[in-house]
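Visitor: I am new to reading protein models. Please show me how to read a few features.

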Amino acid sequence: MEPILRLENVSKAFGGLKVTDGVSFSVMPAEISAIIGPNGAGKTTLFNQITGALRPDSGRIVFQGQDITGLDTQEIVALGMGRAFQITSIFPEETVLNNVRVACLSREGLTRQPLKGVGSFKSSTEKAMSVLESLGLAGQAARPAFELAHGDQKLLDIGVALALNPKMLLLDEPTAGMSPDERALTRELVVKLWREFNLTMIFIEHDMDTVFGIAQKVRVLQQGRLLAEGTPDEIRANPQVVTAYLGEEL
Ligand SMILES: Nc1ncnc2c1ncn2[C@@H]1O[C@H](COP(=O)(O)OP(=O)(O)OP(=O)(O)O)[C@@H](O)[C@H]1O
Ligand SMILES: [Mg+2]
């Protein structure tokens, strides 16, 4: 089987600081994996390059067999890459439903389906409601997004990404700022979404219960470099990883 995503020597520097430094790895279809590493290791910057928000200085990113290096975010999203953010990107004054519906409508624009007036409005509403149901947010569809609890706002951000029908979904710290109970629920939900939407998923996470609870594969970044990659058991047993990172986290 071919990898769905391949990074080859992806590098990016800000000023003199190499934030991602020759990162190479391959992700297989339907894999759920984690990227871990200390603050400032370059995790978010790596996501920014995969999604086209930042252009690598050098290296190549191949998604579903296509070189996407240097494409802009819109093009990459249209190819099936979804992303939820470390800091949520929802419209706070809009309703929960509208936040997802706008994404559904933009998906129709991206795939260049002719606009179908009321039909399009209706289908986008139905699609948005089904996404909200998957997330357990349907009951809050009519509320302005800013009224949602922090954890639900993070879920809504995932909903916006799901509305675009991604094949691959990148989540930047899905459980950040959550209580242990919320984290456990989010963990279950992430696995449920992974299955239900047939996704390949990569999530960045500092919460080790989440990482070791649900990832099939773990990649460790340190100072912009890929320090290690393996199954959760391999990573836990890797002395370099324990010294560099896990010692303090576990
Ligand atoms: N646009 C930018 N300009 C300059 N420096 C940046 C920029 N974006 C990120 N950096 C720097 O790059 C380094 C890596 O940042 P990044 O946000 O990728 O880390 P991270 O691994 O996601 O950290 P965290 O776990 O805290 O979210 C940091 O030192 C950061 O200050
Ligand atoms: Mg980050």
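Guide: Start with burial. A residue is buried under 20% relative accessible area, exposed over 50%, and partly exposed in between, using a 1.4 Å probe and protein chains only. This is a predicted model: local features need pLDDT of at least 70, side-chain atom pairs count only at pLDDT 80 or more, and totals for chains, interfaces and linings use all residues. Residues are numbered from 1 along each chain as written, chains are lettered from A and ligands numbered from 1 in written order, and side-chain values use heavy atoms, without hydrogens and water.

Visitor: Is Leu199 buried or exposed?

Guide: Leu199 counts as buried because its relative accessibility is 1%. It sits in the loop between helix H6 (180–196) and strand E8 (200–204). Helices (H or I, at least four residues) and strands (E, at least two) are DSSP runs, numbered from the N terminus.

Visitor: Which residues does Leu199 touch?

Guide: Contact means heavy atoms within 4.5 Å. Not counting residues up to four places away in sequence, Leu199 touches Ala30, Glu31, Leu162, Pro166, Lys167, Met168, Leu169, Leu193 and Trp194. Take Lys167: it is 32 residues from Leu199 along the chain, yet their C-alpha atoms are separated by 5.3 Å.

Visitor: How do I read strand pairing?

Guide: Two strands pair if DSSP finds at least two bridges between them. Strand E3 (residues 32–36) and strand E9 (residues 217–222) run parallel, joined by four bridges. Ala34 has Val218 in E9 as its bridge partner.

Visitor: What joins E9 to strand E10?

Guide: Five bridges do, and E9 and E10 (residues 225–230) run antiparallel. E9 and E10 form a hairpin with two residues between them. In the turn, Gln223 has a positive phi of about 45°.

Visitor: Now the ligand. Which residues come nearest to ligand 1?

Guide: A residue is near a molecule if one of its heavy atoms lies within 4 Å of it. Of the 14 residues around ligand 1, Asn39, Lys43, Thr44, Thr45 and His206 come nearest. Helix H1 (43–50) and strand E2 (17–27) each supply at least two residues of the shell. H1 gives the most, with three.

Visitor: Which polar contacts can I look for?

Guide: A polar contact with the ligand is a pair of N or O atoms within 3.5 Å. A polar side-chain atom of Asn39 lies 2.8 Å from a ligand 1 oxygen. For Lys43, a polar side-chain atom is 2.7 Å from an oxygen of ligand 1. Ala41 uses a polar backbone atom, 3.1 Å from a ligand 1 oxygen.

Key
A polar contact is a pair of N or O atoms within 3.5 Å; within protein, one must be able to donate a hydrogen and the other to accept it, and residues adjacent in sequence count only if both atoms are side-chain atoms.
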